[in-house]
Amino acid sequence: MAAAKIKKGDQVIVLSGKDKGKTGEVTKALPKDGKVVVSGVNIAVRHRKPTQTNPQGGLERAEAPLNVSKVAHVTKDGKATRVRFEERDGKKVRVAVKTGEVING
């Protein structure tokens, strides 16, 4: 399996869909499914009936996973970039293609 180019804690921008252009931090990465959960993006709303544990009921909002192909890394100037792997100082590191800066993590 290939190494993950987007990991938990990365700043990403959404490239397509209803949340196009929104940025956020990856809160959860699901590499087996090829999905990521981004904070404040792709909010799913569920209508819940009142129960004994939740007598009020109402709307439940949660962040749903996005396909990893719909997001891209954000550079310091706020633009989307692809990620490549390079070997620097004997270590394999992630590098932003547009700027050449090393992505920590």
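Predicted model: local features only at pLDDT ≥ 70, side-chain atom pairs only at ≥ 80, totals over all residues.

Mentor: Residues are numbered from 1 along each chain as its sequence is written, and side-chain values use heavy atoms, with hydrogens and water left out.

Trainee: In what order do the 3 strands of the open sheet lie?

Mentor: Strands are DSSP runs (E, at least two residues), numbered from the N terminus, and two of them pair if DSSP finds at least two bridges between them. The pairing here is antiparallel, and strands E9 (83–88) and E11 (102–103) are the edges, each pairing on one side only. The order is therefore E9-E10-E11.

Trainee: Which residue in E10 is the bridge partner of Phe85?

Mentor: E9 and strand E10 (residues 91–96) run antiparallel and are joined by 6 bridges. In E10, the partner of Phe85 is Arg94.

Trainee: Is Asn42 buried or exposed?

Mentor: Asn42 is found in the loop between strand E3 (35–38) and strand E4 (43–48), and has a positive phi of about 60 degrees although it is not a glycine. Buried means under 20% relative accessible area, exposed over 50%, and partly exposed in between (1.4 Å probe, protein chains only). Because its relative accessibility is 18%, Asn42 counts as buried.

Trainee: What is the relative accessible area of Asp89?

Mentor: Asp89 is found in the loop between E9 and E10, and its phi is positive, near 55 degrees, in a residue other than glycine. Asp89 is exposed, with a relative accessible area of 84%.

Key: Helix = DSSP H or I, 4+ residues; strand = E, 2+ residues; numbered from the N terminus.
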